[in-house]
Structures are given as structure tokens and as C-alpha cells.
Amino acid sequence: MSQMKNFTKGFLKENPVFVLLLGMCPTLGVTSSAINGMGMGLATTFVLVMANLVVSLVKSGIPDKVRIPSFIVIIATFVTIVQLLMQAYLPSLYESLGLFIPLIVVNCIVLGRAEAFASKNTVWSSILDGLGMGLGFTFALILLGSVREFLGSGKIFGLVIYPENYGSLIFVLAPGAFIALGYLIAIINKLKKA
Amino acid sequence: MAKRESNFINMLLTLFAVTFIASASLGLVNEMTRDAIKNANIKAQQKAIAAVLPKFDKLGKSFKIPPKGETDSLELFPALDANGNVVGTAVKTYTNKGFSGHFELMVGFTPDGTISGYQVLQHQETPGLGSKMGEWFRNKDKPKQDIIGKNPGKVNFTVSKDGGDIDAITAATISSRAFLDAVRRAYNTWKNETDATSGSTPQKDDQTKGGNS
């Protein structure tokens, strides 16, 4: 597989949300607005890249039987670092994402990529894979967040498109997340076949 | 590449090394960010106090007192003018009845108990519904939902659905109830404290403690 493919496959062909269906919990939880989706996506991207980098560096030193606990510790460390840095230097973003940051630890995408890709590939491929997957995840969260924000409250990234009263509240709430995600997956599948 | 064998010693050493490096780097980052986080919290708190009170010259010593029959303390910040008279008190209050549980407010009272302002400190209420509480209760065009300038001792601070005098946020009655619950808790604590000032001395506490939640 060429290096370019490692990077681009995360966007459409193996998009973690729309195709691999990984990490549904944070996906459905944070996407009530586009900006939340973007913050979560970028934080996850950072963790993915760092975790992939470290895992691919140490992969031959870690015995198979303890690889999962080792990976989890590595991932959890980076998540906590992100959390501390965000709390210190970006308090307003931390305010809106605070609850979801610890969820990155249990996000299957991060462990999934460490296990399925970084533990078998070179450092450079792993970084590209993490970056591609992370940006693909971010793209998916922004898309889903925009759709929900638009249908629910008539805004995208806080910009008013139409008056809020005409919005349908259900899209801001949990059921709307499932409905919007379902339709988006259907559309993406259709596009992929075409 | 040669994988290391999964024998006992290898596994033990690997896990030890991984956790050791992880905890060392976490300790380092924590050390680096501790002051910044503390400053960010204090700054946010100062900003909230300034936003909810009328103009003041300096802040008096803050103190913590538990509301009646409860254990979690509220923090009170008296604000003084140049002559040392109290011009208002900001109360950091909370409720556990929100749609997503706990949230925190800063509420400002003038010395006669009128609300001079409020600010939502942190919450997880539903975006687009309960999250509107930051603006909803200060809408000057809708006196039925505006709480600024009202005195919880004189006005019934419950939602109109429950027979009170305040209109709840459309489609977010639970968040509204919780919001008013937090305001009432602030008011009652402040009131008890003000009434009792002549007698007991308030228990002092330094400002940096417990600001972190």
C-alpha cells in the first residue's frame, strides 16, 4: 500500500465512523453542534497520531500477551496529557468538551488502529494512518454535527441559517443523532458504490 | 523483526516499564500545567464575579458555608466599595437536579437581596434547550422570565408550571427547575449568613481551595 493511501483511506474508503462504525459513543454524544464535533475530532486526532507513533516504535519490544494493556496505558497517558494541556491553555474549549475527553481512552478507533495497524507497520506509515483516520473522524463528526445543528436549531457553527423556532428539537437530542447518522451512512454507502 | 517472547519475566518487565514511563510523563505534564490550570480557574472565577455584581472596588475575603441541611459548601464572595462597605455578594452555587445532573452558577446579590446578575459556570445541559439558561433568565423584554432585579425573598422562585412566578425555558422545564433550585440555594445561604453575621464568625477558607470542580 502506498503512503498516500495510508493517509487518504481514513476519509472515505475506511472512514472510522461511516464505514468501520467504530467509536459510536463519542460520535453520538458530542455531535450536537459542529464546533463540538470539530474539537472532539481534533483532540482524538492528536491522540491517534501520538499513540500510533509510540506503539509502532515500541511494537517489537512488547510481548504479544501484554500488548493490549500496554497500548491502553500509552493511549490513556496521551489522553490525560491532552486533557491537562487543554484545561491549562484552552479553558473555554475544555469547558464544552470536558466530559468527553476521558471518553477518548475508550474510543475503539484509537485502540483499533494501534492494534490493527501501528503494531504491524512502520513508524511513518503509522503516523500517516493515525493522521488520516483522525481527520476522517473529525470530518465525520463535523458533518454529523452540522446536520444536527442545522436541522435542530437552524445554525451551522453558530451561524444562523434560519430562525431557531422552525428547527426540530429531536435532532439536538440523542434520537436525532441515531437518525442523522443512519441517513449519513446510507448516503456515504451509496456514494462509495457509485 | 523479532517479537519478544511472552514469558513471565518479559511481560513483567514490559508492563513495569510502560507504566513507569507513563506515570513519569504524566507527573511531568501535571507539574508543568498545574499553575496554568489554577490561574485559568481563578481567572474564570474572577471574571464571573465581576460579571454578576454591580461595580465594586475590591473583593473581601471569600468564605464557604454549607446550605441548611446539606454538606456541600457554597462559596460566598463579598464585594466592597472604596470605604469598605459591602455593595454585593457573589455566591457560587450548584444544583444536582439538572437534566444531566450537576451544574454550577455564580449568582450576585445586592445587600437587600435583589439579584444583580448570574452566570453559568459549568453545565452539561442539552445544547439548544437547557443550555439556553445563560441568556433566558436575563431577557429584559420578557419580564416573566427575567430574574435580574428580582428578590427571591419576595418573588416565588419556582417555574410557573409549579405555581411560581418565573417562566421556564421552552421545552426545558427540568433545566429551569434546577436553575431556580440553584438560585434559591444561593439566596437562602446568603440570607442565613447575612442574618447571622452579628453573631457567629464565618468559617474562613482560602480561595484557591475547592475552586476546582
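**View 1. Gly108(B) and Gly117(B) are bridge partners across two strands of chain B.** Gly117(B) lies in strand S6, residues 115–122 of chain B. S5(B) and S6(B) pair in the antiparallel sense over six bridges (strands pair if DSSP finds at least two bridges between them; strands are DSSP runs of E with at least two residues, helices are runs of H or I with at least four, and both are numbered from the N terminus). The model is predicted: local features need pLDDT of at least 70 and side-chain atom pairs count only at pLDDT 80 or more, while totals for chains, interfaces and linings use all residues. Residues are numbered from 1 along each chain as its sequence is written, and chains are lettered from A and ligands numbered from 1 in the order in which they are written.

**View 2. Gly113(B) sits in the loop between S5 and S6 of chain B.** The hairpin of these two strands has five residues between them, and Gly113(B) takes a positive phi near 100° there. Gly113(B) is partly exposed, with 16 other C-beta atoms within 10 Å (a residue is buried if 20 or more other C-beta atoms lie within 10 Å of its own, exposed if 12 or fewer, and partly exposed in between, with C-beta atoms placed from the backbone). Leaving aside neighbours within four places in sequence, Gly113(B) is in contact with Asn151(B), Pro152(B), Gly153(B), Tyr187(B) and Lys191(B) (two residues are in contact if their C-beta atoms, placed from the backbone, lie within 7 Å). Pro152(B) is 39 residues from Gly113(B) in sequence, and their C-alpha atoms are 7.3 Å apart.

**View 3. S4(B) and S5(B) run antiparallel.** Residues 86–98 form S4(B), residues 101–109 form S5(B), and eight bridges join the two strands. The hairpin between S4(B) and S5(B) passes through two residues. Phe103(B) in S5(B) stands opposite Thr95(B), and Val107(B) in S5(B) is the bridge partner of Val91(B). In a regular strand the side chains alternate between the two faces of the sheet.

**View 4. S3(B) and S4(B) form a further antiparallel pair.** S3(B) covers residues 74–80, and six bridges link S3(B) to S4(B). Val91(B) in S4(B) is the bridge partner of Leu76(B). The hairpin here has five residues between the strands, among them Gly84(B), with a positive phi near 85°.

**View 5. Val107(B) is one of the residues with the most contacts inside the largest nonpolar core.** That core has 90 residues, and Val47(A), Ala51(A) and Ile75(A) are listed along with Val107(B) (a nonpolar core is a set of buried Ala, Val, Leu, Ile, Met, Phe, Trp, Tyr and Cys residues joined through C-beta atoms within 7 Å). Apart from neighbours within four places in sequence, the contacts of Val107(B) are Val52(B), Val91(B), Thr93(B), Ile115(B), Tyr118(B), Val183(B) and Ala186(B).

**View 6. Helix H3 of chain A is mostly covered.** H3(A) runs over residues 34–58 and reaches 36 Å from its first C-alpha to its last, close to the 36 Å expected at 1.5 Å a residue (the expected span is 1.5 Å times one less than the number of residues). Of its 25 residues, 20 are buried. Across chain A, 49% of the 194 residues count as buried. The chain has eight helices and two strands, in the order α-α-α-α-α-α-α-β-β-α.

**View 7. Chain A and chain B meet through 29 residues of chain A and 29 of chain B.** On the side of chain A, helices H4 (67–89), H5 (91–97) and H7 (123–153) each supply at least two residues. H4(A) gives the largest share, twelve residues. By class, this side has 16 nonpolar, ten polar and three charged residues (Ala, Val, Leu, Ile, Met, Phe, Trp, Tyr, Cys and Pro count as nonpolar, Asp, Glu, Lys and Arg as charged, and the others, Gly among them, as polar).

**View 8. Glu5(B) lies in the segment before helix H1 (8–52) of chain B.** Glu5(B) is exposed, with 11 other C-beta atoms within 10 Å. Not counting residues up to four places away in sequence, Glu5(B) touches Pro63(A) and Asn10(B). The C-alpha atoms of Glu5(B) and Gly164(B) are separated by 71 Å, and the two residues are 159 apart along the chain.
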